[in-house]
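Work through the exercises below with the sequence and the model open. Each task is followed by a solution in steps.

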Amino acid sequence: MATLSAQPRFVRSITLTRAEKFSSSEFYADINLYSQLYKARAPHAVELEVYSVPGLERIPFDDAIKQRFVPTTTGNRFGPSWSTHWFKLKITVPREWAGEPVELLWDSSSEAMVWSMDGVPRQGLTGDKGVDRRVEYQLLKKAKGGETVELLVEMACNGMFGAGNNGLINPPEEDRKFLLSQVEIAVPNKAAWQLFYDMDIILGMAKGLPENSPRAQEALYACNQIIDRFDRRDMENALQRCLQVSQEFLSKKAAPGVHRVTAVGNCHIDTAWLWPYGETRRKTARSWATQLRLMEDYPEYVFVCSQAQQLEWLSKDYPKLFKEIQEAAKKGRFQVIGATWVEMDCNLPSGEAFCRQFLYGQRYYEKNFGARCKVFWLPDTFGYSAQLPQIIKQSGAEYFFTQKLSWNNINKFPNTTFTWVGLDGTKVLTHMAPCETYTAQADVSDMIRSTERNRDLAFSNQSLLPYGNGDGGGGPQRAMLERIRRMKDVDGLPKCETGSAVEFFESVKKEAKGLQEWKGELYFELHRGTYTTQAPIKRYNRKLEFLLREIELAATYCLGLNRDFKYPKEELDALWKDLLLNQFHDVLPGSSIELAHIDARAIYKKVETKAKKMLDTTLDCLYQSSQQTGEDERYAAFNTLAWPRSEIVEVPVHAGDNLQQYSANRNTGYVKVHTDAFAFKDVADSKADHQKVQAYTSGQEIILENDFVVAKFNTSGHLISFFDKSDVRELVPQGQAGNKMKLFEDVPLFWDAWDVEMYHLNTGKDAGTAKARIEEVGPLRATLVVKHALSEHSTAVQTIVLTASSPRLDFHTEVEWHENRTFLKVEFMWDIHSDVATYDSQYGVIQRPTTYNTSHDYAKFEVCGHKFADLSEHGYGVALLNDCKFGYSTHGNTMRLSLLRSPKAPDVNSDMGHHEFSYAVFPHKGTFHESNVVRESYQFNVPMIIKSVSQSALKERHPASLFEIEGAKNVVLDTIKRAEDSDHVVVRMYEAYGGRALFKLKSALNITSIHRCNILEDEGAAVEYNKEEHASGWLTMHAFEILTLKIKVK
């Protein structure tokens, strides 16, 4: 007689929960599979001593080993946050463990580093819970039994993500104590670990594959079978029976033609974020030493590492470890990638700063690792400039990888593998990981997302999986590599193999067909507040980018004049590298903790101090006289821009001066100076100007007027009329006003320092009260002073300036800012109609909509612009300029410039205190493309340099232009520097408006040859040069092209 089955039908939800708890460290951990992962443990085999470093100093191994250590035990807590404690471990292996592998298990609830006694970093450790947990260190592969091992462990009192107070992005808890909860040695159970990793894959497939698919059902059945065979009374045999089931399931191969995933081990280490730079230097060592240990056990493992700055730190701090990395790099196991000095922000740095990121990065990799990087690797930054494709290609790279746009909070980016077309038309093969993270765990869910969220499967049947713990470092773990081995070729999943990013891109390039193209910027629909947060850092960045430019220009001038002058190459390199370091994508955007911002400001101050001294020294050489007569000093105005300028400048006052106008306090005076391009002019040669400006009142109106415009203000300093006299045109709509300070509620959904959300625009209110008065009345400069009570806690003083020589109206502003999640913007309304506004960007411009027609339009409610935004219609326009701001919002005829925010996390004191900044409005005839806005924005940011020099020096130095562009006003000659490897001169220029340019390059230097070159200064085709005319042949540039020339000077 037949009998019924004894086994009831399994229920999916019950079986899944059963399987999860079978491997859990929290449920039934004393009897389940987790309990069998170690065959033996010996907590008393470790003798423990500690040395606690005073203060928050981070000392090197050589200092630590000399200190006096005292006994300690587990159960003690160590702190405060950011402190360091060195432990000396003396480990005696039990004799009965002979022939067994032995691991050290260390959990200090923090980050830590294992050191050998001869000072070699061996491996990083991360305590506490979570996916970052790594507490095991392989002490012995095969113990003899009874031997003694000594180690040092350096404990850092911070977690992988810093020391946030009760939350990831909250400001750090300054006095946190970290529990030393586990220090012991143990013998791993190989069979149990194998089953543990098998179950991870099988359970992942049961959960992640379509519920009714055959393979998901098979996985569910296998889970049940494995747990049924787990007999605690006969564990050794039970594990083998379980492994038979798991390996049978995993042995089934994937079908032909399935999706292919290249798994690339990586370790994203934020150069600063929720920790300061000093901790990053240790994070790199902990993370990368760990990867070298994994390579010893996994011969197929390939790890990629970006950011040349971090490698340079490592070479100085951990030279032995750096040599190990170089050896692994030669074998192709440890691959440098990325091409730039740091993983920089891609909204805020200038075009030249982008070039220097690649220049210093690629030169570092070539020098220390023998080759340039082919892949621009930037998985985590907050939007990507439209000029990047051209800069990538001109820097020797070929491919671009990221994933950040997967975070968009309004529109999903439509492409995965595509061709990114830059502002000038340059094309770069690009891949955005469809797993939508750069810290993938290399688990089943990552494999499934790599297929399901891949938007370009029709064109390319492969994707890249960047796996490894990151942000705070750590990198891939043993479990990830084990999972990849099991998913290499298994039915139900894509095929997955470890590999390199370069191999992936070269395969895509070879096999993909019909890839879609995306033209222009990759705008990130999140973290828009980073255009404004941490205003002092953004101000420093803008000012220092221009200051370093001026040093290079003056130093090259000296070099070209055959002076007894040594170009300060090494000093300039150091300053540039520090500036580039602070352009990291959590520092310049302002999204780090206060400690990191203090570090950044200290670096900026050091750069500023050294750079100003260097510029002064260089100008002394430039203006040096052959006569030492002790004669009276004169003032020279040095124009560091590539076109003639005629401006009102401020000069010191001396007895006997007869200036056309003195300042209100009579400490300085004003003169009008005209200079040629890249030339200097004796200020005393300036003639009295026939153009005049005046300030006066009419009823309740305060008026500034010159030959170009009439600007009327009410008593609150609002611009109620701006009239163009030559065009007979009123620019402010009837009943509206400009220069209105507005306060907005600024409470984002989560990312405090990062985000401003669309709904903040609903909350704008006029900022307090203000009172305006006339201070200077002309004839060269007229000014108003406006005192604002912005709120109960914050004030501003504004000096509004109109000079005799320009229609530009300047607003120099100082603010005492003490707010809580409030956003300050200045607002202008114009009688201009346009569906687009034009924004200054790196070496070009971007046009964006002023409408909210589509979700893509209103997603750009706050955008990034550099020196200006312009609103133009046929025949006329107005530009809103600035000297250190980046956030703009233009809707309809309303233009707003973002001035200050006040987030409280992760820096509770963000932007509190004193601020200085300037903005201006510049009216112009014609559309933007017919205007002088680009030049005007440079002039607003780069004032002439006024320097005291001897009369004889001025007579000896013919004020000829160092360089001059003849024939194309749309070409901006931005950079003049010495070449990297010779005394050649390098000049870099760009087409600024989006059209063609035909021009000649003229120079006062004794030029013998000119060659085109790329950003890395690899010499290319020769350029015709006419020595009699001191000019090149005709040169052609296309829209937004970046052109670099290398010039040999006799």
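**Exercise 1.** Find the residues in contact with His718, leaving aside neighbours within four places in sequence.

Solution. Step 1: take contact as heavy atoms within 4.5 Å. Step 2: list the partners of His718, which are Lys712, Phe713, Ala737, Gly738, Asn739 and Lys740. Helices (H or I, at least four residues) and strands (E, at least two) are DSSP runs, numbered from the N terminus. Step 4: His718 has a relative accessible area of 17% and is therefore buried, where buried means under 20% relative accessible area, exposed over 50% and partly exposed in between (1.4 Å probe, protein chains only).

The model is predicted: local features need pLDDT of at least 70, side-chain atom pairs count only at pLDDT 80 or more, and totals for chains, interfaces and linings use all residues. Residues are numbered from 1 along each chain as its sequence is written, and side-chain values use heavy atoms, with hydrogens and water left out.

**Exercise 2.** Is Tyr876 buried or exposed, and which residues does Tyr876 touch?

Solution. Step 1: locate Tyr876 in strand E44 (residues 876-882). Step 2: its relative accessible area is 0%, so Tyr876 is buried. Step 3: not counting residues up to four places away in sequence, Tyr876 touches Asp724, Asp727, Arg729, Leu731, Pro923, His924, Lys925, Gly926 and Thr927. Step 4: compare chain and space; Tyr876 and His833 are 43 residues apart along the chain, and their C-alpha atoms are separated by 9.9 Å.

**Exercise 3.** Give the strand order of the open sheet of nine strands, and state which strands stand at the edges.

Solution. Step 1: two strands pair if DSSP finds at least two bridges between them. Step 2: the order is E35-E36-E37-E38-E47-E44-E43-E40-E41, with antiparallel pairing. Step 3: strand E35 (769-777) and strand E41 (844-849) each have a single partner strand, so one side of each has no neighbour in the sheet. Step 4: look at one pair; E35 and strand E36 (residues 781-789) run antiparallel and are joined by eight bridges. Ala772 stands opposite Val786 in E36. Step 5: the loop between E35 and E36 holds Pro779, and the peptide bond from Gly778 to Pro779 is cis, with omega near 10 degrees.

**Exercise 4.** Which residues of helix H11 (residues 444-452) are buried, and what covers them?

Solution. Step 1: the buried residues of H11 are Val444, Asp446, Met447, Ile448, Arg449 and Ser450. Step 2: their cover includes helix H3 (190-208), strand E13 (260-266), strand E20 (462-467) and strand E21 (495-498).
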